[in-house]
Amino acid sequence: DLRRKIGFAAGGKLLIAGSTNPGEEEKILRSYKGLIMEFPGLRLLIAPRHVDRCSVIAGAVKECGFVPRLVSESGGRPLGKDQIALLDEMGVLAKLYAAADIVFIGGSLINKGGQNPLEAAYYSKAILFGPYMHNFEGIAANLISAKAAIQVKDEATLKATLRALLKDDLERRRMGEAARRVLESNSGAAKKDLALIRP
């Protein structure tokens, strides 16, 4: 249902770049452009950290040779390979991760500190993020240690890693399952903290 909402056809693959910041969208778009010929069924949804930036990102999409389309205006129409979906609604990104095949966590290719990757782990998704994850350092380290996420160092590594994962359905599935296990193994933190604080 979520895939139909954004116009994503069955049988393809969806990359969601979530909570992106200025300076990241261009890198993601260039990486996507370098892959679309090799993977014609691939589609990209960019969800900016602040939805009021959609008009600015739409300009970057056009400069890269694509056509921007707001999710709120998709009407379930198929998303063409020349179109990039832009999420212009608040509070729905975490749920949309369920529709993705690969999730890139924004705020991590630039020095912002990243966003919470456990929202994607909840839906058992293959997770990528950049070198700047200091706001979620422990979570990122746990995911990397469990081979549930891949930390890319730059745009070139992002593109190469995406290519490898797009070719390997089993590895994406394995990463997603490992991510979910990391989430489940770290659940119950509030109860554990309360047990220490209560005395």
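1. Helices (DSSP H or I, at least four residues) and strands (E, at least two) are DSSP runs, numbered from the N terminus. Asparagine 21 has its place in the loop between β1 (13–20) and α2 (25–36). The model is predicted: local features need pLDDT of at least 70 and side-chain atom pairs count only at pLDDT 80 or more, whereas totals for chains, interfaces and linings use all residues. Residues are numbered from 1 along each chain as its sequence is written, and side-chain values use heavy atoms, with hydrogens and water left out.

2. Asparagine 21 counts as buried, at 7% relative accessibility (buried means under 20% relative accessible area, exposed over 50%, partly exposed in between, with a 1.4 Å probe and protein chains only). Its side chain reaches the backbone oxygen of serine 19 at 3.2 Å. Leaving out residues up to four places away in sequence, asparagine 21 touches Arg49, Arg53, Gly106, Gly107, Ile110 and Lys112; contact means heavy atoms within 4.5 Å.

3. Two aromatic pairs are found in a search of the whole structure. Rings of Phe, Tyr and Trp (its six-membered ring) pair if their centres lie within 6.5 Å; planes under 30 degrees apart count as stacked, over 60 as edge-to-face and the rest as tilted. The rings of tyrosine 32 and phenylalanine 66 have centres 5.4 Å apart and planes at 55°, so this pair is tilted. The pair links distant parts of the chain, 34 residues apart: tyrosine 32 belongs to helix α2, and phenylalanine 66 to the loop between α3 (54–63) and β3 (67–70). Tyrosine 32 is buried at 1% relative accessibility, and phenylalanine 66 is buried at 8%.

4. Tyrosine 122 and tyrosine 123 form an edge-to-face pair, with 4.9 Å from centre to centre and 90° between the planes. Tyrosine 122 is partly exposed at 46% relative accessibility, and tyrosine 123 is partly exposed at 28%. The charged end of arginine 180 sits over the ring of tyrosine 122, 4.7 Å from its centre (the criterion is NZ of Lys or CZ of Arg within 6 Å of the ring centre and within 35 degrees of the ring normal).

5. Glutamate 119 lies in helix α5 (residues 118–122) and is partly exposed, at 38% relative accessibility. Beyond its neighbours within four places in sequence, glutamate 119 is in contact with Ala94 and Tyr97. The C-alpha atoms of glutamate 119 and alanine 98 are separated by 9.5 Å, the two residues being 21 apart along the chain.

6. Helix α7 (residues 155–167) has 13 residues and spans 19 Å from first to last C-alpha, close to the 18 Å expected at 1.5 Å a residue; the expected span is 1.5 Å times one less than the number of residues. Leu158, Thr161, Leu162, Leu165 and Leu166 are buried in α7. These buried residues fall within an arc of 130° seen down the axis, so they line one face of the helix (the arc is that of the directions from the helix axis to the C-beta atoms). The face turned away from the buried side carries the exposed residues Ala156 and Lys167. Aspartate 154 caps the N-terminal end of α7, with a side-chain oxygen 3.3 Å from the backbone nitrogen of alanine 156.

7. Helix α8 (residues 169–185) has 17 residues and reaches 25 Å from first to last C-alpha, close to the expected 24 Å. Its buried residues are Arg172, Met175, Gly176, Ala178, Ala179, Val182 and Leu183. They cover an arc of only 165° around the axis, which puts them on the same side of α8. Exposed residues Leu170, Arg181 and Ser185 are carried by the face turned away from the buried side.

Note on methods: Polar contact = N/O pair within 3.5 Å; in protein donor to acceptor, adjacent residues only side chain to side chain.
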